[in-house]
Amino acid sequence: MKGLYFQQSSTDEEITFVFQEKEDLPVTEDNFVKLQVKACALSQINTKLLAEMKMKKDLFPVGREIAGIVLDVGSKVSFFQPDDEVVGILPLDSEDPGLCEVVRVHEHYLVHKPEKVTWTEAAGSIRDGVRAYTALHYLSHLSPGKSVLIMDGASAFGTIAIQLAHHRGAKVISTACSLEDKQCLERFRPPIGSHCVTQLEYNGTIVAHCSMDLPRRTVQLPDFLSFTARVIDVSNGKVHVAESCLEETGGLGVDIVLDAGVRLYSKDDEPAVKLQLLPHKHDIITLLGVGGHWVTTEENLQLDPPDSHCLFLKGATLAFLNDEVWNLSNVQQGKYLCILKDVMEKLSTGVFRPQLDEPIPLYEAKVSMEAVQKNQGRKKQVVQF
């Protein structure tokens with residue numbers, strides 16, 4: 001039985017992915033579950049975090065977002081039994097790679113997979129769903145009527161975040177980094193005047209109705225039913241994100257900002273890799289409304305005293321999005337399992353519609369993982385067994 005692992009060079013700069021023979025798993029013990037993997041999603045490996053957590057190894061397992069069937073359970077397992085369909089995220093210190101036919105995992109990292117959800121959908125959405133919940137519910141306290149700016153909304157994570165914010169009744173603004181991304185985001189917006197419905201509800205309120213006895217009629221959908229109220233195309237570098245957001249909100253600023261990285265310095269001083277259409281930190285502070293929340297993925301964010309003073313005057317908050325905290329500490333394990341269950345429920349009911357690439361076989365996982373690690377490709381890559 002083979003599994004995919006990675007190893008780092010002595011300079012810690014280059015990562016090599018290798019298939020390695022894996023010993024048969026021992027008898028399942030205590031709270032562990034033996035799982036036959038049906039699908040495993042591919043995500044970038046944060047080697048810096050692994051080094052900081054003192055988790056460096058010669059060979060480190062690859063693949064953590066898995067979905068599969070329970071083969072065997074330990075004597076103390078209470079949530080699952082053989083033949084259950086489950087989904088979850090392997091912890092950072094897992095000894096087994098998700099890109100393997102059979103793995104062992106503690107039951108507290110798994111939840112049941114709904115019957116309507118496919119294996120690839122479950123594995124491909126679970127981590128982005130956790131990130132979106134962490135950012136919008138726990139770090140920024142999203143509520144109906146709030147305005148939300150989601151940077152790079154056409155990414156796999158951005159798509160789920162937009163759908164979650166829309167489901168909660170928020171007004172969503174998003175940025176597009178290319179014409180293809182803009183077209184993708186525009187497809188989230190239902191075309192005005194082209195929907196034939198019998199009854200249309202929004203948050204439990206009927207906003208359009210047509211009797212079944214009458215001929216089908218075309219109704220105009222209100223603006224608030226669009227997933228994205230506005231798509232800001234930043235691909236040409238001429239559009240100013242702060243001005244566009246202030247215009248969209250009547251000068252009040254947005255309530256929540258979820259970035260995809262920011263520039264810390266001027267373009268002349270910034271490394272070339274950082275110039276990929278990222279907004280400057282001053283732009284984010286400018287477009288943030290009073291009492292707003294800025295959720296950042298920039299782990300090395302630096303704020304000067306004038307920046308902090310501006311946030312103070314606005315009564316705004318700054319939070320760092322690190323979805324690994326759920327697995328690094330089991331203090332809030334119950335809350336984490338509730339998030340996993342809710343993500344699966346929203347997949348089952350159609351609230352989440354992930355942007356997934358075509359499933360790939362296991363023998364192509366090495367090449368695909370190399371592309372994912374280099375941040376190539378937009379849709380989520382999922383290996384199907």
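I counted salt bridges in this predicted model. The total is 16 salt bridges.

**Entry 1: Lys 48 and Glu 299.** I looked up this pair and found a salt bridge, with the closest N and O atoms 3.4 Å apart. Lys 48 sits in helix α1 (residues 47-52). Glu 299 sits in the loop between β17 (288-296) and α7 (305-314). The two are 251 residues apart, so I note a link between distant parts of the chain. I then checked the surface: Lys 48 counts as partly exposed because its relative accessibility is 41%.

**Entry 2: Asp 128 and Lys 380.** Here the closest N and O atoms of the salt bridge are 3.9 Å apart. Asp 128 is in helix α2 (residues 119-139), and Lys 380 is in the loop between α10 (365-373) and β19 (381-384), so the pair ties together parts 252 residues apart in sequence. The cut-off I used for buried is under 20%.

**Entry 3: Glu 247 and Arg 230.** I found a salt bridge with the closest N and O atoms 3.8 Å apart. Glu 247 belongs to helix α5 (residues 241-248) and Arg 230 to strand β15 (residues 230-233), so the bridge ties together parts 17 residues apart in sequence. Glu 247 counts as exposed, at 58% relative accessibility. Arg 230 is partly exposed, with a relative accessible area of 23%.

**Entry 4: a network.** I also looked for linked bridges. Arg 64, Arg 127, Arg 131, Asp 323 and Glu 324 are joined in a network of salt bridges.

**Entry 5: the sheet.** In what order do the six strands of the open sheet run? I read β15-β10-β9-β16-β17-β18, with parallel pairing. β15 and β18 (317-320) are the edges: each has a single partner strand, so one side of each is left without a neighbour in the sheet. Neighbouring strands are turned by 15° against each other on average, direction ignored.

Four bridges join β9 (residues 147-150) to β10 (residues 171-176), and the two run parallel. Val 148 stands opposite Val 172 in β10.

**Entry 6: helices on the sheet.** α2 packs on the sheet and touches β9, β16 (254-258), β17 and β18. Its direction makes about 150° with that of β17. α5 packs on the sheet too, touching β9, β10, β15 and β16. The direction of α5 makes about 160° with that of β15.

Definitions and conventions:
Residues numbered from 1 in each chain as written. Predicted model: local features only at pLDDT ≥ 70, side-chain atom pairs only at ≥ 80, totals over all residues. Heavy atoms only, no water. Salt bridge = Lys/Arg side-chain N within 4 Å of Asp/Glu carboxyl O. Buried < 20%, exposed > 50% of the residue type's maximum accessible area, 1.4 Å probe, protein only. Pairing = 2+ DSSP bridges. Axes fitted to C-alpha atoms, helices over the stretch in contact; angles between N-to-C directions. Contact = heavy atoms within 4.5 Å.
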